[in-house]
Every structure is written in C-alpha cells, then in structure tokens.
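Dear colleague,

I am handing over the structure below, and I would be grateful if you could look through it alongside the notes that follow.

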Amino acid sequence: MRRAVYPGSFDPVTNGHLDIIKRASKIFDEVIVVVLVNVDKKGLFSNEERVELIKRVTKSYKNVRVESYNGLLIDFMKCEDVKVIIKGLRAVSDFEYEFQMALMNNKLDSTVETLFMMTNAKYSYLSSSSVKQVAKFGGCIKGLVPEEIIEDVVRKIKE
Ligand code: PNS
C-alpha cells in the first residue's frame, strides 16, 4: 500500500493545502495529514482545533486521515510506518526552507523521502499567515480558506 504523510502547521488549513491533499489522495492509497509544532511560529488555533478544521474539510476524502503529533515528524512516521513526506512548493522563496527541512529529515532517517508537489498557480500567493492578516483587519477571506471554516477563522481572530 502506498502511503504518505502531509505535515504542516495548518494554522489554519487553506485552499492551497486542501488542493495538495486532494491531489496527493489521488496518487497515494492513504494520506495522513499531520499537524505538527513549528517552533518558529506562534499559533492562533490549538492543535486540536486545527485537526478538527482539517477533518471537517476533508471528510469526503475516504483515504485521508488527520492526526496531530507533538514531536519530530520522523518519529511520527516511524510509529505509522510511512516513508514518504509530501510537501507543497509555492515559489522559489519556499525552496530553501523546504530543501533544508527535507535534508534534515533525511539526515535523521535516511529511509525517508520528501516529494514536492507544485502548488496550483491560483494559490501560489496564499499562506495561513496572510489569511490571518487579512482576517485580522476585516478583509474578506472567501476563496482563501474552505467555506466551512471561514466563520471559525473570523471568530477566532476576534477572540
Ligand atoms: O506548515 P509549516 O509551518 O511550514 O510546517 C513545518 C513543520 C510543522 C512541518 C515543521 O516545523 C516540522 O516538521 N515540525 C516538527 C519538528 C520536526 O520534525 N522538524 C524537522 C526537523 S527540522
């Protein structure tokens, strides 16, 4: 069975993430979306909330599972016995960061491979951080995050 993990902080999940999940679910028999801690980012949603939001927007994808893990990605992958990491690449600016992470994960476990999927061009400008900025200052986030979670993002930003 071909299985892969799609890791990220997903704070919150965007239409760009969802596009990658959808495409990866057509290539792999099972895709495990895993919410991890990015030590460089301050979170808006708790990990449990992020998982709930991703579950809500992926419920029609039968081969997609959503988990969270407080630790190294490769340790999660060992527990799940998965060898492939899917990452989305938006622009050249993503490359250095993603390249470094792929090499580090490979250094920590040489049996692990990272596969990059190019983002859909219509989401190439999109990030969770920009969604939060737009929402914070009252801008419209329709089309940026899945419809089902717009209210959650707007409400959480106001809290
Ligand atoms: O969506 P992000 O914030 O770019 O995702 C980064 C993330 C969460 C995948 C990365 O920070 C991560 O893997 N965190 C868990 C700790 C880890 O395994 N780090 C890899 C070695 S640098």
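A backbone N or O atom of Leu73 lies 2.8 Å from an oxygen atom of the ligand, a polar contact in the sense of a pair of N or O atoms within 3.5 Å. The protein covers 81% of the 540 Å² of accessible area that the ligand has on its own, with areas taken from the Shrake-Rupley method and a 1.4 Å probe. This is a predicted model, in which local features need pLDDT of at least 70 and side-chain atom pairs count only at pLDDT 80 or more, while totals for chains, interfaces and linings use all residues. Residues are numbered from 1 along each chain as its sequence is written, and side-chain values use heavy atoms, with hydrogens and water left out.

The ligand has 14 residues around it, of which Ser9, Asn38, Lys41, Leu73 and Tyr97 come nearest; a residue counts here if one of its heavy atoms lies within 4 Å. By class, this shell has 7 nonpolar, 5 polar and 2 charged residues, with Gly counted as polar and Tyr as nonpolar. Its largest share, 4 residues, comes from helix α4 (residues 92-108), where a helix is a DSSP run of H or I with at least four residues and a strand a run of E with at least two.

Elsewhere, Glu30 forms a salt bridge with Arg65, their closest N and O atoms being 3.1 Å apart; the term requires a side-chain nitrogen of Lys or Arg within 4 Å of a carboxyl oxygen of Asp or Glu. This pair links distant parts of the chain, since Glu30 is in strand β2 (residues 30-35) and Arg65 in strand β3 (residues 64-68), 35 residues apart. By this rule the count comes to 16 salt bridges.

Finally, Phe10 lies in the loop between β1 and α1 and has a positive phi, near 45°. Pro12 is also placed in the loop between β1 (3-8) and α1 (15-27), and a cis peptide bond with omega of about 5° joins Asp11 and Pro12.

With best wishes

Definitions and conventions. Polar contact = N/O pair within 3.5 Å; in protein donor to acceptor, adjacent residues only side chain to side chain.
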